[in-house]
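I opened my notebook on the aromatic side chains.

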Amino acid sequence: MVRLPANNSLIPQPEYNFMADAYRAFGNTRLSAAFLYGKIQNGDRFLLPQNNLLYISQNQLGSEYLLFSSSIETALKKFPLDLVLEPEYMVNKTENKLPTGKDYSTQTKRYLLGLKATTDFEETPINFFFYPKYSAFIFENDLSETQNRQDMASLDVSLRVQFFKNKLLFFESRKYLE
């Protein structure tokens with residue numbers, strides 16, 4: 001990657017950010033949601049690879065992002081299990097210019113869904129954590145009609161064992177990604 005010399009004719013540009021979140025409890029169930037949006041007008045220009053090098057030039061190109069994250073949490077009453085469902089959505093869009101001066105944009109969308117399950121046994125020193133998560137990434141640009149998609153799944157499994165009235169803690173964790 002090669003960074004080209006600075007362009008001193010650029011002037012400061014405003015950045016915009018907006019955030020909102022909400023939380024609500026219904027008995028042993030809790031709902032939360034967060035929304036985040038941002039926009040800048042000072043993005044660098046990425047020149048398409050030449051001679052296996054990527055060139056970066058200072059510019060004032062636009063970039064914006066949007067994030068929505070939520071969770072639904074509940075604790076089961078008859079079995080000591082806490083569950084958290086986490087649906088999320090993120091999108092990032094970036095402007096760029098071809099060497100001919102033509103504008104184009106790239107966009108990345110991410111869809112995520114996770115489920116956390118945690119035991120909370122009071123009578124036994126052993127507790128478990130189980131967290132499968134699915135992620136879908138969709139890559140698009142104005143230069144091509146095609147979309148590239150990548151799907152991923154991950155699994156986090158943990159075991160926690162307490163000895164001598166919480167004075168000694170053993171923790172084992174495994175993470176898998178596909």
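Predicted model: local features only at pLDDT ≥ 70, side-chain atom pairs only at ≥ 80, totals over all residues.

The ring residue F79 is partly exposed, at a relative accessible area of 42%. That value lies between the 20% and 50% cut-offs, so I file F79 as neither buried nor exposed.

Next I counted aromatic pairs and got four. F79 pairs with F121: the ring centres are 5.6 Å apart and the planes stand at 90°. The angle is over 60 degrees, so I log the pair as edge-to-face. I then checked where the partners sit. F79 is in the loop between β4 (53-75) and β5 (81-97), and F121 is in the loop between β6 and β7 (126-141). They are 42 residues apart, and the pair links distant parts of the chain. F121 is partly exposed too, with a relative accessible area of 25%.

I moved on to F129 and Y131. Their ring centres are 6.0 Å apart. Their planes meet at 50°, so I call this pair tilted. How accessible is each ring residue? F129 is partly exposed at 22% relative accessible area. Y131 is buried, at 15%.

I also looked at what lies over the face of Y131. I found K116 there, at 5.1 Å from the ring centre.

Last entry: Q107. I place Q107 in strand β6, which spans residues 103-119. Its relative accessible area is 18%, under the 20% limit, so I mark Q107 as buried. Leaving out residues up to four places away in sequence, I list its contacts as V91, N92, K93, I138, F139 and E140.

Note on methods:
Residues numbered from 1 in each chain as written. Heavy atoms only, no water. Helix = DSSP H or I, 4+ residues; strand = E, 2+ residues; numbered from the N terminus. Buried < 20%, exposed > 50% of the residue type's maximum accessible area, 1.4 Å probe, protein only. Contact = heavy atoms within 4.5 Å. Phe/Tyr/Trp six-rings, centres within 6.5 Å; stacked < 30°, edge-to-face > 60°. Lys NZ or Arg CZ within 6 Å of the ring centre and 35° of its normal.
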